[in-house]
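Hello,

Here is the structure I promised to pass on to you. My notes on it follow just below.

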Amino acid sequence: MDWELPVIALRNQVVLPRTLENVDVGRPKSKRALEDAQAADARVLLVVQREARVDDPGAGDLYEVGTLCVVKQVIRLPDDTLQVLVEGRERARIDGYLPGPTLRARVHTVPEEVDGSGRDVQALIEQAKSAFQEYAQQNKGLRLDSFHLENLRGLKEAGPLADLVAKYATWEVADKQSVLEEPNARARIERVLGFLSRDLDRFDTEKQISARVKQQMDSNQREYYLREQMKAIQKELGQDETDEIEALRTRIEEKDLPEAASERALKEVDRLEKMPGGSPEATVVRTYLDTILELPWSEADEERLDVAHTAEILDEDHHALEEPKERILEFLAVRQLTKEAEDARYKAPILCFVGPPGVGKTSLGKSIARSMDRAFVRMSLGGVRDEAEIRGHRRTYIGSMPGRILQGMKTAGKTNPVFLLDEVDKMTSDFRGDPSSALLEVLDPEQNDTFADHYLEIPYDLSKVMFITTANSLSTIPRPLLDRMEVIQIPGYTLDEKLEIARRYRVPRQIADHGLSDRVAIEPSAVRRIVTEYTREAGVRDMDRLIAKLARKSAKKYLDDAWDGLRTIDDGQARDLLGVPPYRDEKAEKEPQIGLAHGLAWTSVGGVTLDVEVVAVPGKGKVSLTGQLGEVMKESAQAAIAYLRNHARAFGLPDDFHETRDLHVHVLEGATPKEGPSAGIAIATAVVSALTGRPVRGDVAMTGEITLRGRVLAIGGVKEKLLAAHQAGIRRVLLPEDNRAHLEDVPDAVLTELEVIPVRSFREVLDVMLVGDDASAYPPPTGEPGTTDRPNASA
C-alpha cells in the first residue's frame with residue numbers, strides 16, 4: 001500500500017514492526033513532522049540516520065527502509081523535549097521525498113514473505129529462543145524481566161520473533177537496521193540467530209580471559225605466601241634478607257656521596273626493605289642503587305699538568321697539526337697556573353676538532369688524556385636521535401637506564417676524565433626529542449655542574465670533565481650548540497706530511513701487525529705512489545688501508561717463497577701488488593683545452609678539484625646543468641651566464657649566442673652531489689672558452705663566486721682548496737682578492753710550490769686563463785714558484 005507520510009529521523013534507535021517504543025523528539029523539524037501526523041491519522045514514518053552526528057539530516061543522510069508507526073501518546077518533558085510512544089506497524093520503503101519545510105516522503109509498505117517448510121522454520125524458531133535465553137543470561141547490559149521472556153517464548157512465528165529479539169538485543173544500529181530491511185521471515189530469523197551466535201562466542205572468550213586473570217591472581221597470592229614462608233625459613237637459618245639491606249646502607253655511608261645523593265639513596269633503601277624480595281619493583285630499586293654506588297662522585301685522577309710533557313706526547317703521537325697542539329698547550333698552561341692559585345675559578349672551554357675523516361681528531365683526544373694521566377671515554381653521537389640517549393630514561397618501567405653521559409662516567413670511574421663526543425655533527429631529531437638540545441647543558445661550563453639525568457633524578461657534577469667534540473662539518477651543528485664550543489680546524493695533510501706520517505707511524509705499525517718485522521720494508525717511493533695515484537683524501541685513512549694491503553700481500557708472498565733476509569717494496573712492486581691506480585695522471589689534464597676549467601671545492605672530506613666542462617651546440621639558447629649540482633651551484637651557473645650575456649661583445653662572444661646556441665654545463669664525477677657558491681668563475685671561464693673556441697689553461701685552478709657585475713667574491717675553505725690543488729699537481733691558483741688574508745693559514749710547504757694570483761674581477765680571470773688560437777704559443781707561467789707574497793704584500 002502507498003502512503004504519503006511525515007518522516008521523523010532517529011539518531012541511534014531502530015523501531016521494528018510489532019513493537020512499542022518510546023522515542024524522544026527534540027529537533028524542530030521532527031516536532032513539526034509529529035504535529036502533522038497528529039493532525040492527520042497519527043501515522044508517521046520513523047527512519048534511522050546513517051551518521052548520528054548529523055544535526056539536520058536530509059534525504060541522503062537516511063536509510064531507505066523505515067517503520068510505519070502509529071503515535072499512541074505524547075508527553076512534553078521539562079526541557080521541551082517530546083517523549084512519544086509509538087507502535088511499529090509495518091516495514092516501509094521510501095520511494096521519494098516531497099518538498100517542504102519538514103521531511104515528508106512517498107512510501108509503500110513491504111509485505112512480509114514466508115517460505116520454507118514448517119519443520120525447518122520451527123527448528124530455527126526454537127534455536128533462536130534458546131540462544132536468546134542464553135544471551136539474556138550472559139549479557140550484563142541487558143535487563144529483561146520474566147514477563148518479557150515469557151512473552152517471547154510464546155511466539156510461534158519467525159517474523160515477529162526475529163523483530164522482538166532485535167528490539168531487546170544490545171546490537172549496533174547497523175545490525176538492527178539489517179534486520180528491519182529483511183522482508184523474508186526465514187532469512188530474518190537466520191540473521192538474528194547469526195548475531196546471537198556471534199555474541200555468545202564473544203561472551204565465552206571474555207569468560208576464558210577472566211578465568212585466566214583470576215588464575216594468575218591466585219598464582220601471585222600463592223607466590224607471596226611461599227615467599228613469606230621462605231623469609232621465615234631464612235631467618236631461622238640466619239640468612240635474613242636484612243643482611244642485604246644493611247650491606248647497602250654500609251656502602252652508602254662509606255661512599256663519599258653528596259648530601260642530596262646520600263639522602264635519596266637511603267630513602268630508596270627504606271623502600272626496598274618494605275618490598276617483597278622478588279617483585280619487579282624491587283629489581284628496579286636495586287638497579288638504581290647500584291647505579292648511584294657505581295658512579296664516581298669524588299674519585300678523581302691525579303692529573304699531570306706539565307706543558308713540556310704534553311708537548312712531547314703530542315709530537316710523539318702526531319705529526320704536524322700545529323694549531324691544535326698549540327691550543328691544547330695553552331689550555332694546559334692556564335690549568336697549571338689556576339691550579340696553583342687556590343682561589344682561581346677557571347671554566348675550561350669545550351674544544352671542537354673539525355676536519356675531514358682520517359686527520360686524527362679522535363686519536364688527538366686520546367693523546368691529550370694520556371699526556372694528562374686522565375681516564376679517556378669516547379662516545380659516538382652518529383645517528384643518535386633520542387633525547388633519552390643523553391639524559392636517560394625515566395624510571396617508570398623495567399629496563400630504564402641512565403643516559404650515555406652517565407654510563408660513560410661510570411665506565412671511567414673518575415670525575416675528571418677526558419670525554420670525547422665523536423661525530424657531534426651527525427645527530428638527528430625526531431618525535432622522541434632533540435639530543436642536540438640536551439647536549440647544551442652538558443657542554444655549558446656554567447651549567448654542567450648540576451647536570452640533570454632523567455634516570456638519576458639527582459644533580460651530577462660534570463664541571464671537572466674535559467669535553468672534546470669532533471665533527472666533519474660545522475654546517476649541520478645547531479647554532480646554540482656551536483656557540484658553546486671553541487672550534488679548531490684540522491683541514492688535512494700535505495703530501496710531505498703524509499709521507500712523514502707513513503714513515504713514522506703507519507708503515508712500522510702495519511709491518512709489525514702483519515708479522516713482517518725484519519722480513520719486509522716499504523720504500524718511500526712506494527708510499528708516494530700510494531698517496532698520489534691510489535688515494536684522494538685529506539686524511540691518511542685510505543693510505544693506511546693500502547699500506548695494510550701491501551703488508552697482507554707481502555705476508556702471503558713470504559709464506560709462498562720463504563725468502564731469507566729483508567726484502568724491500570719499491571714503487572714498481574707496489575703497482576704490481578695494488579693493481580691499476582684508480583686516479584689518472586694529472587699531467588694529461590694540464591694541457592690547454594676548450595671548454596674545460598679546473599675549479600676547487602671544499603667538502604666535508606676536505607678540499608677537492610672540480611673539473612667543469614661546457615659544450616656549445618646549435619640550438620635555441622637552452623642551458624643544461626648536469627653532474628648532481630646543488631641549488632647554490634645552479635644559481636652560480638645562471639649568474640655567470642647572465643653576466644656573459646650582458647657583456648658578450650666585450651668578451652668576443654656572439655651577440656645572439658643566447659638564442660642560437662645551447663649550452664651544456666657538466667661537472668665531472670656526476671655520481672657525487674656538489675654544492676657551494678665557489679664555482680662561479682670556473683663555470684664562466686669554461687662557457688667563454690666553449691663559445692669563443694679559445695682553450696683554457698690546464699695548469700691553473702681557480703675558485704671564487706661571480707656576481708652579475710663581474711666581481712669575484714670571497715669564498716671559504718681557502719686552506720683546504722689550496723691543499724687539494726697542491727696534491728693534484730696544480731702550480732698556479734686564482735684566488736679572490738678578499739681571501740688574501742687567509743693565506744696565513746696555508747702551510748709554507750704548500751705556498752713555496754704554488755703561485756697564488758689574487759683577482760678582483762672576471763676580466764682579470766680571463767687574462768690569465770684563456771690562451772690564443774695557438775695554444776702552444778702561450779708562454780709558461782712568468783712567476784717563479786713561491787714568489788706569491790704573504791697577505792701584507794701587493795698583488
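Cys352 is buried, at a relative accessible area of 0%, and Cys69 is buried too, also with 0%; buried means under 20% relative accessible area, exposed over 50% and partly exposed in between, using a 1.4 Å probe and protein chains only. Please keep in mind that this is a predicted model, where local features need pLDDT of at least 70, side-chain atom pairs count only at pLDDT 80 or more, and totals for chains, interfaces and linings use all residues. Residues are numbered from 1 along each chain as its sequence is written, and side-chain values use heavy atoms, leaving out hydrogens and water.

How many disulfides are there? Counting pairs of cysteine sulfur atoms within 2.5 Å, the total is zero.

Next, Ser178: this residue sits in helix 5 (residues 173-180), helices being DSSP runs of H or I with at least four residues, numbered from the N terminus. Ser178 is buried, with a relative accessible area of 16%. Setting aside neighbours within four places in sequence, Ser178 is in contact (heavy atoms within 4.5 Å) with Arg191 and Phe195.

Finally, there is a helix pair to look at. The axes (lines fitted to C-alpha atoms over the stretch in contact, with angles from 0 to 180 degrees between N-to-C directions) of helix 18 (residues 524-534) and helix 20 (residues 571-578) come within 7 Å and cross at roughly 50°. Ser525, Ala526, Arg529, Ile530 and Tyr534 in helix 18 meet Asp571, Gly572, Ala574, Arg575 and Leu578 in helix 20.

Enjoy exploring!

Terms used: Helix = DSSP H or I, 4+ residues; strand = E, 2+ residues; numbered from the N terminus.
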